[in-house]
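Thanks for coming, everyone. I'll take the whole chain to begin with, and then turn to a single residue. Please have a look at the screen.

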Amino acid sequence: MERQKRVAVINDVTGFGRCSAAVAQPIISAMKIQCCVMPTAVLSVHTGFPDYFLHDFTPYMETYMRSWEKTGIEFDGISTGFIGSGEQIELVVEFLKRFKKEHTLTVVDPVMGDYGKLYSSYTDEMCQEMKRLLPFADVLTPNLTEACRLLDLDYHHVDISQEALEQIGQALFEKGPKKVVITGLQQGDKIYNYIYEAARTSKLLVTRKIGGDRSGTGDVFASIVTGALIQGDDFETAVVRAVRFLDKAIEYTARQELPWNYGICFEQFLKEL
């Protein structure tokens with residue numbers, strides 16, 4: 001019998017708020033793939049709440065990965081999300097050097113900012129350090145802000161025509177990733193995701209915009225894309241699956257009238273994965 005597929009998720013563990021590993025683990029598991037979490041931090045709630053407990057896991061990450069290495073664990077996929085410091089980026093690079101094999105799919109979600117601004121914990125220096133992950137990435141899932149930061153472009157002077165997006169996709173491809181999806185491009189009541197894949201036609205996928213932004217959307221998206229590719233889907237199919245799942249889950253969440261920082265009620269639809 002073929003061994004069950006296995007994915008390592010490098011992300012923070014948050015008790016409430018539906019983001020990061022708390023999203024990745026149930027979604028990837030529902031897709032019949034073993035999900036193994038390497039924590040970067042442990043939080044009571046994510047930082048979108050006014051009061052939160054945070055325990056930085058940086059001092060333990062080397063020992064943690066060394067234990068996995070000694071145990072002889074191998075992964076079919078590695079997925080990276082929010083990374084909290086330059087020191088952690090160095091540790092993630094080391095993890096990829098040790099655990100990425102020829103057959104290992106690596107999905108990098110370069111969580112750094114949105115709407116042209118960096119998140120409060122990020123610096124320009126950390127953005128430069130994040131570029132070190134690109135040669136390891138098979139798949140890259142930035143929003144437009146993050147794509148611009150990785151290419152040293154001015155977000156406020158970049159248009160989102162298909163021609164401009166193709167140039168961005170090509171530039172990112174040249175830094176390592178074979179597949180790129182630029183996520184969450186908003187125009188009016190529509191959201192677009194731009195797919196770029198070498199030797200294939202680039203494409204804009206459109207879906208409706210439902211309400212405002214919600215925490216964990218990118219984590220849901222990246223987790224489904226990771227799982228779908230591990231299952232054997234082509235890149236466009238994987239992205240379409242993520243978009244359709246999010247559309248349904250966000251619509252349900254909007255009917256629940258939950259605050260934005262409560263995340264997306266994805267649990268309602270896990271069986272459909």
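Let's start with the surface. The accessible surface of the protein comes to about 12800 Å². Carbon and sulfur atoms account for 50% of that. Keep in mind that this is a predicted model.

Now the fold. The protein has eight helices and 11 strands. Its C-alpha trace spans about 50 × 45 × 45 Å along the principal axes.

How does the radius of gyration of the protein fit a compact globule? For 273 residues, such a globule would have a value near 19 Å. The protein has 17 Å, which agrees.

What about the inside? Buried residues make up 51% of the 273 residues. Next, contacts. Take those between residues at least 6 apart in sequence. Of these, 68% join residues at least 24 apart.

On to charge. There are 29 positive side chains and 37 negative ones. The centres of the two sets lie 5 Å apart.

Now let's zoom in on Arg 6. Arg 6 is found in strand E1, which covers residues 6-16.

Is Arg 6 buried or exposed? Its relative accessibility is 17%. Buried means under 20%, so Arg 6 counts as buried.

Methods. Residues are numbered from 1 along each chain as its sequence is written. This is a predicted model: local features need pLDDT of at least 70, side-chain atom pairs count only at pLDDT 80 or more; totals for chains, interfaces and linings use all residues. Side-chain values use heavy atoms; hydrogens and water are left out. Helices (H or I, at least four residues) and strands (E, at least two) are DSSP runs, numbered from the N terminus. The radius of gyration is taken over C-alpha atoms; the globule rule is 2.2 Å times the number of residues to the power 0.38. Buried means under 20% relative accessible area, exposed over 50%, partly exposed in between (1.4 Å probe, protein chains only). Contact means heavy atoms within 4.5 Å. Accessible areas come from the Shrake-Rupley method with a 1.4 Å probe; for residues, only the protein chains shown count as cover. Lys and Arg count as positive and Asp and Glu as negative; His and the chain ends are not counted. The place of a charge is taken as NZ of Lys, CZ of Arg, CG of Asp or CD of Glu.
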